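Please open the structure in a viewer and keep the selection panel at hand.

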Amino acid sequence: MSKKFITAWLALLALMMLNVQPAQSMEGPDTATLDSLTDLFAPVSFNHAMHVDVVANDCAVCHHHTTGTKVTDERCARCHKNSGEANSVACRDCHNANPFSAENLQKIADAELLFHTDKPGLKGAYHRKCLGCHQEMGAPTACENCHTKTEKGEAFYRSGKFAPTPGKEPASE
Amino acid sequence: MKNLLDRRKFLKGGLASGVLASVLGTGKKAFAEHSFGGYPNSMGVLVDLSKCIGCRTCEAACNKEQEMPAPDKPFDDMSVFDEIRHGQKRRTSEKTHTVVNRYDVPGHDGPVFRKFQCNHCNEPGCLSSCFVNAYTKTPEGAVVYNEKVCVGCRTCMIACPFYVPAYKYSSPINPVITKCKMCYDTRLKNGRPPACVEACPQEVMTFGKRRDLIKLGHERIQKNPGKYIDHIYGEKEVGGTAWMYLSSVPFAEVGFNTELGDQPIVNYVKEFLTVVPMVLTIWPALFTGFHLLAKRKENQKESQKATTPSDRNA
């Protein structure tokens, strides 16, 4: 049983290291698996290398000031003009997965000097960043273009095999 | 409303004499000065319409959380945006507590989506219209409804300025009002955000203390010049609501009623309703008194007539 436990831990560690990788190389990984929020949708296999090309090596487009590249948004530059590389460039290390938890709300309320009080949570950050750009660039924008629904997701959206019986007209009120 | 005002004037006229008028005057003033204005630490939600992509995930989350009946179409079916019933876009019903609608705003790039549900007013019209007190505004900010005491009069449906409460017409045995309760039982009272807020992929909705959200909303408007209409819908409307909205297109273009005014709905009837008990208790006594006085004079005259008939001839 302990062997299984250790294997599981090792697997988890390996997975964490895979996700931490971007901090270790300037170019970042070729692909990143975005799986920390997996629930209704399967993990996203993110082609990092391709997106680096799309933004012409300007990491700040997605990573703000954390990669050490010069920030272009003048609103950020007011403070982060000379900010160096951050310890972590992973989205989830700054963007909270539970932004509206009582603890997080309290944390924001207690931090009197905190400027970034309107920072989106992890899910919001992913979708706004990805989708915002996809809309501008004419890239795919449907949910399942990036991640397929899990079975739980299909049950949640009442789609696929959980879809309501067709042919039934919506009851009028 | 005009009728009520006229009636009020009439009633005031009727009570204009002496002591009664002064009693009514002070009573009225006390009510006008006292405004509830909402619980100080109540929670709220700021909905940023400019971020909504119309994915309907909030509708699905609500359906699951509140154990609502199965929808007519899957929640990833976008054809619902074209549905028009009785000349209206989709609205809240016994089958759904929240609805996302699509609006094509001329001059705006792409469609605009608007989520709506109960706005959880600081001073709810539904609550003040209910004569069995089926509604409660909780300190956390939710307006909840107790179906056990509801008599099914549906006055709340008429009192609501946003047409939110729906009626379970499908149930002949236990028809009740259905509306969004801000996930009070399952989430809000434990300090967790409503299910729709948590499910939204775009984080269209920000959950927090209402007073913080107002600050945050104004900051967002200020920090993004030209992006938003300089107004938070719900900050002041009908006395303030727990759910508030930011939009990059005029609110009237996406189905908001911009003519509701800042007065809580109850204010339109407060003065009138204060007079009702007074009328019911004082008027009968007062007019019985008048009646008896008048009768007494008449009686006296008649008895005088009867006793001294010679006086008249003299």
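Begin by selecting Glu59(B), which counts as buried at 3% relative accessibility; buried means under 20% relative accessible area, exposed over 50%, and partly exposed in between, with a 1.4 Å probe and protein chains only. This is a predicted model, in which local features need pLDDT of at least 70 and side-chain atom pairs count only at pLDDT 80 or more, whereas totals for chains, interfaces and linings use all residues. Residues are numbered from 1 along each chain as its sequence is written, chains are lettered from A and ligands numbered from 1 in the order in which they are written, and side-chain values use heavy atoms, with hydrogens and water left out.

**Salt bridges**

A salt bridge here is a side-chain nitrogen of Lys or Arg within 4 Å of a carboxyl oxygen of Asp or Glu. Arg56(B) is likewise buried, at 3% relative accessibility.

Next, select Arg85(B) and Glu83(B), whose closest N and O atoms are 3.2 Å apart in a salt bridge. Arg85(B) is partly exposed at 27%, while Glu83(B) is buried at 16%.

Then display helix H7 (residues 210-223) of chain B, where Lys223(B) and Glu219(B) lie four residues apart, about one turn of the helix. Helices (H or I, at least four residues) and strands (E, at least two) are DSSP runs, numbered from the N terminus. The side chains of Lys223(B) and Glu219(B) form a salt bridge at 3.9 Å, N to O. Lys223(B) is partly exposed, with a relative accessible area of 36%, and Glu219(B) is partly exposed at 27%. Now select Asp118(A), Asp48(B), Lys51(B) and Arg220(B), which are joined into one network by salt bridges that share partners.

**The nonpolar core**

Which residues have the most contacts inside the largest nonpolar core? Select Met205(B), Trp243(B) and Tyr245(B); the core to which they belong has 43 residues. A nonpolar core is a set of buried Ala, Val, Leu, Ile, Met, Phe, Trp, Tyr and Cys residues joined through side-chain atoms within 4.5 Å. Elements of chain B that give two or more residues to this core include strand S1 (43-48), helix H6 (195-199) and strand S9 (243-246). Centre the view on Met205(B): leaving aside neighbours within four places in sequence, its contacts (heavy atoms within 4.5 Å) include Phe100(A), Val45(B), Cys196(B) and Trp243(B).

Strand S2 (99-103) of chain B also contributes to the core. Four of the five residues of S2(B) are buried, and S2(B) pairs with S3(B) in the antiparallel sense over five bridges. Strands count as paired if DSSP finds at least two bridges between them. Select Arg102(B) to find its bridge partner in S3(B), Phe113(B).

**Backbone in two loops**

Move to His120(B), in the loop between S3 and helix H4 (125-129) of chain B. His120(B) has a positive phi of about 50° although it is not a glycine, and it is buried, with a relative accessible area of 0%.

Finally, select Arg154(B), in the loop between strand S5 (143-145) and helix H5 (155-159) of chain B. Arg154(B), not a glycine either, has a positive phi of about 65° and counts as partly exposed at 32% relative accessibility.
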